[in-house]
Amino acid sequence: MRTRHREPQTLGEGTLDRMARILAARNIDPSAAPAQELETVSPLEALSAGMPPRYRAAVADHPQVLAWVRTVAEAAVAPNQGARRQVTTGPSLLMAGVVGAGKTHQAYGAVRRLVQSGVGVRWRATTAADLYADLRPRPGADSERELATVSRYPLLIIDDLGAAKASEWVEEVTYRLINRRYNYELPTLITTNLAIRDLRAHLGDRVASRLAQMTTRVEFEQVDRRRHRLAA
């Protein structure tokens with residue numbers, strides 16, 4: 001039998017261009033060292049990279065916030081044997097106090113503390129105002145899909161709840177989000193500048209009722225720490 005000799009195949013210019021575009025889209029430098037030679041990024045470094053610069057070194061030190069961290073960490077489960085434990089369900093926290101009391105700092109610090117304890121967490125942080133902007137119906141956007149995505153995050157920070165102007169639409173969207181997280185027992189860190197007694201009037205009975213059942217309420221001292229630091 002005669003063996004047929006096949007010439008080695010070369011990649012065409014179009015194929016090379018497509019490969020270059022794919023690598024660029026994935027931020028991969030084709031001349032970089034192999035993956036095994038790259039430095040490993042720690043979970044805490046990866047977390048910090050996704051945080052706003054102001055809160056990358058945030059430390060949670062409030063006793064009730066630390067108690068929440070311990071409870072959520074203890075409830076974390078491993079998806080399979082030998083895997084890192086992940087946050088899946090747990091209690092929520094409602095932190096109330098004046099502007100500048102340190103609520104947002106404590107919220108980001110709580111997430112850092114979870115990761116430092118060896119627990120993995122898929123999370124998202126947003127202000128209430130940004131959340132409503134993302135969910136408001138508009139051409140070319142699937143607001144229902146976005147609401148479903150936000151609702152399913154294992155851990156969600158909602159900053160400045162109650163700061164947006166009250167309306168029937170805001171109340172309805174807030175209720176749908178909070179109710180889904182309530183039903184699935186997903187831990188939620190909520191900060192608000194409103195006094196707890198004022199939440200019902202601003203957010204409505206349905207939202208206030210769910211928050212009362214799903215959260216531990218933490219009232220921060222009535223001191224604006226930002227102004228205090230500037231005056232020191």
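**Cavity lining and salt bridges**

Student: How do the residues of the lining of the largest cavity divide into nonpolar, polar and charged?

Tutor: The model is predicted. The lining of its largest cavity has no charged residues. What remains divides into 1 polar and 6 nonpolar.

Student: Which helices give two or more residues to the lining of the largest cavity?

Tutor: The residues that line this cavity are Leu131, Tyr132, Ile158, Leu161, Thr174, Leu177 and Ile178. Two elements reach two or more residues in that lining, helix H5 (128-135) and helix H7 (168-183).

Student: Which element gives the largest share of the lining?

Tutor: Thr174, Leu177 and Ile178 are among the lining residues. The largest share is 3 residues, and the element that gives it is H7.

Student: What volume does the largest cavity have?

Tutor: With a cut-off of 30 Å³ or more, the count comes to 1 cavity. The volume of the largest cavity is about 30 Å³.

Student: How many residues apart in sequence are the parts that Asp134 and Arg124 tie together?

Tutor: The two side chains meet in a salt bridge, with N to O at 3.5 Å. Asp134 belongs to helix H5 and Arg124 to strand S2 (residues 123-127), so the parts tied together are apart in sequence by 10 residues.

Student: Which helices hold Arg176 and Glu144?

Tutor: Arg176 and Glu144 form a salt bridge, 2.8 Å from N to O. The pair ties together parts 32 residues apart in sequence, because Arg176 and Glu144 lie, in that order, in helix H7 and helix H6 (residues 143-152).

Student: How far apart are the closest N and O atoms of Asp205 and Arg200?

Tutor: Arg200 has 42% relative accessibility and so counts as partly exposed. Arg200 forms a salt bridge with Asp205, and the closest N and O atoms are apart by 3.4 Å.

Student: Which residues do salt bridges with shared partners join into one network?

Tutor: The count of salt bridges comes to 5. One of them pairs Asp134 with Arg124. Through shared partners, salt bridges join into one network Arg124, Asp134 and Glu146.

How values were computed: Residues are numbered from 1 along each chain as its sequence is written. This is a predicted model: local features need pLDDT of at least 70, side-chain atom pairs count only at pLDDT 80 or more; totals for chains, interfaces and linings use all residues. Side-chain values use heavy atoms; hydrogens and water are left out. On a 1 Å grid over the protein atoms alone, a cavity is a set of points where a 1.4 Å probe fits but cannot get out, and a pocket is an open set with protein on both sides within 12 Å along at least five of seven lines; lining residues have an atom within 4 Å of a point. Grid points are joined across faces, edges and corners, and a volume is the space filled by probe spheres set on the points. Helices (H or I, at least four residues) and strands (E, at least two) are DSSP runs, numbered from the N terminus. Ala, Val, Leu, Ile, Met, Phe, Trp, Tyr, Cys and Pro count as nonpolar, Asp, Glu, Lys and Arg as charged, and the others, Gly among them, as polar. A salt bridge is a side-chain nitrogen of Lys or Arg within 4 Å of a carboxyl oxygen of Asp or Glu. Buried means under 20% relative accessible area, exposed over 50%, partly exposed in between (1.4 Å probe, protein chains only).
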